Amino acid sequence: MTTGDTHRRPSVGVTFTKARIRNPGRGDLVPIEIELLVDTGAIFRRRAGERTLDALAIPRLERQEFTLADGSHVAYDVGEATFIVGTAAVRLRSSSRRKG
């Protein structure tokens, strides 16, 4: 950067936030607190651990293939979950990798 330059490069880092996840169809189950990686480039889904989705009895609705940044492909089971960060809640499709 030269003296007088008004443009700054954005710093790049990894950011996490605490959130709660719950099954939108099962109000009888207590939400589970998780730590999420904040991905400002994400355009479709959030990923939660398989144990978390199982503990919340979130049914898998479909299996979908995703292309990773390195060009490789992975398949995830997808279901719906409610993610709560602070006072904001949003119902999203969530994925969990399953073998087979």
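In which strand does Thr-82 lie? Thr-82 belongs to strand 5, which spans residues 73-85; helices (H or I, at least four residues) and strands (E, at least two) are DSSP runs, numbered from the N terminus. The model is predicted: local features need pLDDT of at least 70, side-chain atom pairs count only at pLDDT 80 or more, and totals for chains, interfaces and linings use all residues. Residues are numbered from 1 along each chain as its sequence is written, and side-chain values use heavy atoms, with hydrogens and water left out.

View 1. Thr-82 counts as buried because its relative accessibility is 6% (buried means under 20% relative accessible area, exposed over 50%, partly exposed in between; 1.4 Å probe, protein chains only). Not counting residues up to four places away in sequence, Thr-82 touches Arg-20, Ile-21, Arg-22, Pro-24, Ala-89, Val-90 and Arg-91, where contact means heavy atoms within 4.5 Å.

**View 2. The overall fold, with one helix and six strands.** Along the sequence the elements follow the pattern β-β-β-α-β-β-β. Of the 100 residues in the protein, 25% are buried. Among contacts with a separation of 6 or more, 39% are between residues 24 or more positions apart.

**View 3. Strand pairing around strands 1 and 5.** Two strands pair if DSSP finds at least two bridges between them. Strand 1 and strand 2 are antiparallel and share six bridges; Thr-17 stands opposite Leu-36 in strand 2. Strand 1 also runs antiparallel to strand 5, with three bridges between them, and Ile-21 has Phe-83 in strand 5 as its bridge partner.

**View 4. The hairpin of strand 4 and strand 5.** Strand 4 (residues 62-67) pairs with strand 5 in the antiparallel sense over six bridges. Gln-64 has Tyr-76 in strand 5 as its bridge partner. Five residues lie between the strands of this hairpin, in which Gly-71 takes a positive phi near 90°. The side chains of Asp-77 and Arg-63 meet in a salt bridge (3.0 Å, N to O). Asp-77 lies in strand 5 and Arg-63 in strand 4, so the pair ties together parts that are 14 residues apart in sequence. A salt bridge is a side-chain nitrogen of Lys or Arg within 4 Å of a carboxyl oxygen of Asp or Glu. Asp-77 is buried at 11% relative accessibility, whereas Arg-63 is partly exposed at 37%.

**View 5. The largest nonpolar core, with 11 residues.** Its members are Ala-19, Ile-21, Ile-34, Leu-36, Ala-48, Leu-53, Leu-56, Ile-58, Ala-81, Phe-83 and Leu-92. Strand 1, strand 2 (32-37) and strand 5 are the elements that give two or more residues to this core. A nonpolar core is a set of buried Ala, Val, Leu, Ile, Met, Phe, Trp, Tyr and Cys residues joined through side-chain atoms within 4.5 Å.

**View 6. Two further salt bridges, of three found in the whole structure.** Arg-26 forms a salt bridge with Asp-28, with the closest N and O atoms 2.9 Å apart. Arg-26 is partly exposed, at 33% relative accessible area, and Asp-28 is exposed, at 55%. Asp-54 and Arg-60 meet through their side chains in another salt bridge (3.0 Å, N to O). Asp-54 is partly exposed at 39% relative accessibility, as is Arg-60 at 23%.
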